[in-house]
Amino acid sequence: MNIDIKILKEPLDINVCINWVMTPQSGGIDVFVGTVRNHTKGKKVLRLEFEAYERMAMKEMDKIAREMLQRWPLHKIAMHHRVGILDVGEVPVVIAVSAAHRDAAFDACRYAIDTLKQTVPIWKKEIFEDGEVWVAAHP
Amino acid sequence: MEILAFGIVKDIFLATSIDLIVDEDITVGALKQKLEGRYPQLRGISSYMVAVNDEYASDDSIIKDSDEVAIIPPVSGG
């Protein structure tokens, strides 16, 4: 199988993703690492809380990976997302893509994170000093 | 019918799932109307989708009693 999708409660291991997608045929690996930022719209963020509708999220991530394999000549795709409470600097998402040539890997990786943010049922709550808010919930 | 809630919808339902009595073979659109009647705050969020058996469902989809139904507010993963 050339797709590895996981939703994990434990810290993500970037090297595990990179090593998993590495193949002797690959000329390059593109990796997107999401990190928890310490501010949003000028407000200090203390931590984030991620929640997933796990079964559907796995299914939607799998759809993205299959679409990537259709559209680009890729070797392997790893897509790991974390859930639970994350502090600033921690990693909620890792996407690693290997291909013979870099253009396909770059384009596919970009497509993966952009689509994940639009379709995969995972939600984040920003926790501030004076309250908390579900991101994108209100107009 | 059991309806699962996530993100902001959990805060609106004040629960991770609710039990709703509905007519047989209700459409997604009709379910949304019923929910919005009971939980007017649903109209205040940016948008929301209904998932039936782990798939996004359109308003004219019909829900069977055995289906797993979830309310999907705007996603914000990554």
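To begin with a definition: Ala, Val, Leu, Ile, Met, Phe, Trp, Tyr, Cys and Pro count here as nonpolar, Asp, Glu, Lys and Arg as charged, and the others, Gly among them, as polar. I need that for the pocket. Please keep in mind that this is a predicted model.

So, the largest pocket. Its space comes to about 470 Å³. The lining is made up of 21 residues. Sorted by class, ten of them are nonpolar, six are polar and five are charged. Which residues lie nearest the centre of this pocket? They are R37(A), T40(A), K124(A), E126(A) and V135(A). As for the strands, at least two lining residues come from each of these in chain A: β2 (28–34), β3 (39–40), β4 (43–52), β8 (122–128) and β9 (131–134).

Now to chain B. Here there is an open sheet of five strands with mixed pairing, and the order is β2-β1-β7-β4-β5. Which strands are at the edges? In chain B those are β2 (17–19) and β5 (55–57), each of which pairs on one side only. From one strand to the next, the twist averages 35°.

One pair within that sheet is β4 (residues 49–52) with β7 (residues 69–72), both of chain B; the two run antiparallel, and four bridges join them. In this pair, V52(B) has V69(B) of β7(B) opposite it.

Last, what packs on the sheet? Helix α2 of chain A, residues 54–71, does, and the chain B strands that this helix touches are β4, β5 and β7. The direction of the helix makes about 95° with that of β5(B).

Note on methods:
Residues numbered from 1 in each chain as written. Chains lettered and ligands numbered in written order. Predicted model: local features only at pLDDT ≥ 70, side-chain atom pairs only at ≥ 80, totals over all residues. Heavy atoms only, no water. Pairing = 2+ DSSP bridges. Axes fitted to C-alpha atoms, helices over the stretch in contact; angles between N-to-C directions. Contact = heavy atoms within 4.5 Å. 1 Å grid on protein atoms, 1.4 Å probe; cavity = no way out; pocket = protein on both sides within 12 Å on 5 of 7 lines; lining within 4 Å. Points joined across faces, edges and corners; volume = space filled by probe spheres on them.
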